[in-house]
Protein chains: 2
Amino acid sequence: MAILVVGSVAFDAIETPSGRRDRCLGGAATYFSLAASYFTDVRVIGVVGEDFGDEEKAVFTRRNIDTRGIEHVPGKSFFWSGSYMKNLNEAQTLNTELNVFQSFSPKIPAEYQDSEFLFLANIDPVLQEEVRRKMPKVKMVCGDTMNYWIRDHAENLARVLKTLDGLLINDTEAKMLAKQNNLVQAARSILDMGPKVLVVKHGEYGATAFFGDKTFANGASSTPFRAPALPLAEVVDPTGAGDSFAGGFFGYIASQPDLTPAVFRRAMFYGGVMGSFAVERFGTERLQQLDPKEIEERFALFRQLSHLD
Amino acid sequence: MAILVVGSVAFDAIETPSGRRDRCLGGAATYFSLAASYFTDVRVIGVVGEDFGDEEKAVFTRRNIDTRGIEHVPGKSFFWSGSYMKNLNEAQTLNTELNVFQSFSPKIPAEYQDSEFLFLANIDPVLQEEVRRKMPKVKMVCGDTMNYWIRDHAENLARVLKTLDGLLINDTEAKMLAKQNNLVQAARSILDMGPKVLVVKHGEYGATAFFGDKTFANGASSTPFRAPALPLAEVVDPTGAGDSFAGGFFGYIASQPDLTPAVFRRAMFYGGVMGSFAVERFGTERLQQLDPKEIEERFALFRQLSHLD
């Protein structure tokens, strides 16, 4: 079943201890859709400028990602420049140019209307809410956000949270959103804000899902679930790891007939798997050309890494 | 089979967001031996002052821990005072009084000579080496250390590392010891220093075991193993969590006829289980009176928390 994702499609300049790239295709919607494309049909809504040409478009179409919702407008695409020289776990933003993203007004093509899954990547919650409202019939909607929206756009964000089935954020964001230093208590507060499930991403330590009372139709327990991350000898470029996690996670869920606890757990593992691939190369290089067999092998490795037998 | 542990037996003054205790029984050997006592016979080597009386001794003997190696000398016991008010993940040391510990010279009672397992808790590597040398026939020896010994006593520590089967330290210590920021590369360096296995404790994110080439007689794979930690709504007192992990881990190993990969994995889980109990109350309160059934229930919870099915 198809996932509709709305978010940024951008160019990034990145420096890490492993090297640098002056211009690579990035943006949350790009990472998400590439990762999800290995599991299900993906449709993107975003905006790009004149610098987004056939080469960039081909990155999506080679993975059968529907780009009819990517609007082309005069000007330059969203540009982000970041450095991981001081800390591989947290990007230092050197420069952000919103460019055409500044006046982004998401338009949903008629062909996208039957999408059953919706992912609201990290953009202005006002836009997230707008897209959510235009897709009232989706089976499941998940979203992401970041410190800027949590701190300075809390009311708008609160309205979005009420409409989410799942929220995927990192530890710092969860604690900031809940104004709570203990993660379990933060999760309880956030689940009270709307989402049925909260997935907290811990970077190199994996991710934990916290469940509210109404996650699964068949009434699963409220025990959290923790998926590991793969210990890697070299993290070439951490950019997009969280979006790739979200793509693997939600892509797998969309590929299954029902959201059972077992499906949810496997989805958490596939999230970790896709995140681990993303950081092995710069930008989306690795996500562009995965072999489905590699994905299954790494899934087996995640199991071996974490299971008693 | 019996474990011999050498380390500190102390009094602690602790303040955390949950409250404070002016004087509670602590020390690495205390936490370790209480945790291990639920799995196997434990014998302690340490030194205490005149303030260590019948009440303190009873904490050990009620758990059938052999205290004949705890030397009583004139003066006061080792005293540590710490605060977790700023950060629950890292103690701020307010005061350390070595007292009788300053001239500690470990003596091994004749009755301890047949111990098959040896744990060198975090003390001066010169003393660790001395005890190790006096117990040449042990089946397996594990140890702990800390930033102070890594930084200022590197040569002494290096000699101990050569004699260890397993080293259990936290992320910061591992990276400091290896002078390496990437954990996988740090683990490789440390395994080159001597230990056959390195267990890195991640606090609330669990622990990862990294294996060298010669860990198990039957030739296990070199895939790391990651055990979860239990997400807790309240960490009352983090003191001793790492030592309790070590006690559960090594206690379980000592209780089993052979160290197979399956036994090792379960040991990692029991480590997490005992660490999770330790932090639920101040000092060793929780570890003093566990029901074996509680331990098995929590083990099952750890499995549920981390396993696909």
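## Helix 3 of chain B

Let's begin at the start of helix 3 of chain B, where B:Asp124 places a side-chain oxygen within 2.9 Å of the backbone nitrogen of B:Val126. Please keep in mind that this is a predicted model.

The buried residues are B:Pro125, B:Leu127, B:Gln128, B:Glu129, B:Glu130, B:Val131 and B:Arg132. What lies over them? The cover includes strand 1 (3-6), strand 8 (117-120) and strand 9 (140-143) of chain B, along with helix 4 (147-152) and helix 5 (154-161) of chain B.

## Where the two chains meet

Now to the interface. Chain A brings 36 residues to the contact and chain B brings 37 residues. Between them, about 3100 Å² is buried, with 53% of that area coming from carbon and sulfur atoms. On the chain A side, A:Tyr205, A:Arg226 and A:Leu308 lose the most area to chain B, and together they make up 28% of what that side buries.

As for polar pairing, 22 residue pairs are in polar contact across the interface, while the count of salt bridges there is 0.

## The chain A side

Which elements of chain A supply at least two residues each to the side that touches chain B? They are helix 6 (171-178), helix 7 (183-192), strand 12 (207-211), strand 13 (225-227), helix 9 (261-278) and helix 11 (292-306). Helix 11 of chain A gives the most, with 6 residues.

By residue class, the side of chain A that touches chain B holds 16 nonpolar, 10 polar and 10 charged residues.

Terms used: Residues are numbered from 1 along each chain as its sequence is written. Chains are lettered from A and ligands numbered from 1 in the order in which they are written. This is a predicted model: local features need pLDDT of at least 70, side-chain atom pairs count only at pLDDT 80 or more; totals for chains, interfaces and linings use all residues. Side-chain values use heavy atoms; hydrogens and water are left out. Contact means heavy atoms within 4.5 Å. Buried area is the accessible area (1.4 Å probe) that two parts lose on being put together, summed over both. A salt bridge is a side-chain nitrogen of Lys or Arg within 4 Å of a carboxyl oxygen of Asp or Glu. A polar contact is a pair of N or O atoms within 3.5 Å; within protein, one must be able to donate a hydrogen and the other to accept it, and residues adjacent in sequence count only if both atoms are side-chain atoms. Helices (H or I, at least four residues) and strands (E, at least two) are DSSP runs, numbered from the N terminus. Ala, Val, Leu, Ile, Met, Phe, Trp, Tyr, Cys and Pro count as nonpolar, Asp, Glu, Lys and Arg as charged, and the others, Gly among them, as polar. Buried means under 20% relative accessible area, exposed over 50%, partly exposed in between (1.4 Å probe, protein chains only).
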